[in-house]
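Good morning, and thank you for coming. Please look at the model on the screen while I go through a few of its features.

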Amino acid sequence: MNVLLIGPPGSGKGTQGQVLADRLLLRHIAAGDLLRAEVEAGSPIGRRVSGYLDVGELVPDEVMLDLMTPEIEAATAAGGYLLDGFPRTVAQAQAAQARGDNRSAPHAVIVLEVPDEVLIARIAERGRADDTEDVVRNRLQIYAEETTPLLDLYRDHGLLHVIDGTMDVEAVSDAILAELDVPRA
Ligand code: AMP
């Protein structure tokens, strides 16, 4: 099974991605984690993307596709993925579909809904390098402008499951598993 997890910054997609991947025996792929690992390593990709991460802008699609496509293909071959953070735009989704084969398409798309004021409070406690107030505002605005249209696309395809992301971690996981028709225990 291939599952996408989408949500604004601070919605818990990284945490849920890990929990659900373990529970469903899927490979967890987190776009932001992969990017931060490249930056840490000082690789050519890392040097190319660090400025975007610093200000909360989207990394160019070509870079994202080159980074994500092999991960998605490998996870699909290994039995499925739990992917968070990619695609983030309609253009990325379309390009990923064009590059991958049919088997690597998502079977379900989970969106974590959390109001902005809750996100801002949560992020203030987290303290990542790109969690300063200006950068967070930029990331929230990009989510609203660029990622929300992607949700409409998945809704039109009957793939979208909307989850209340304000609940505690376990309740959110349970709600997602119920949406995916997976027994809880
Ligand atoms: P995240 O950890 O998912 O919040 O991502 C952190 C940062 O990585 C974002 O603010 C973007 O700068 C970059 N990023 C992550 N995923 C993508 C993507 N699919 N497309 C473009 N940039 C991305």
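This is a predicted model: local features need pLDDT of at least 70, side-chain atom pairs count only at pLDDT 80 or more; totals for chains, interfaces and linings use all residues.

Asp181 is exposed, with a relative accessible area of 70%; exposed means over 50%, buried under 20%, and partly exposed in between, with a 1.4 Å probe and protein chains only. Asp181 lies in the segment after helix H8 (169–179), helices being DSSP runs of H or I with at least four residues and strands runs of E with at least two, numbered from the N terminus. Its phi is positive, near 65°, in a residue other than glycine.

Residues are numbered from 1 along each chain as its sequence is written, and side-chain values use heavy atoms, without hydrogens and water.

Leu25 also has a positive phi, about 55°, and is not a glycine. Leu25 is found in the loop between helix H1 (13–24) and strand S2 (27–30), and at 74% relative accessibility Leu25 counts as exposed.

Next, the peptide bond between Phe86 and Pro87 is cis, with omega about -5°. Pro87 belongs to the loop between strand S3 (81–84) and helix H5 (90–99).

Finally, the ligand. Which residues around the ligand are the closest? They are Arg36, Glu57, Gly85, Arg88 and Gln92, among 18 residues that surround the ligand, each with a heavy atom within 4 Å of it. Helix H2 (31–41) supplies the largest share of this shell, 4 residues.
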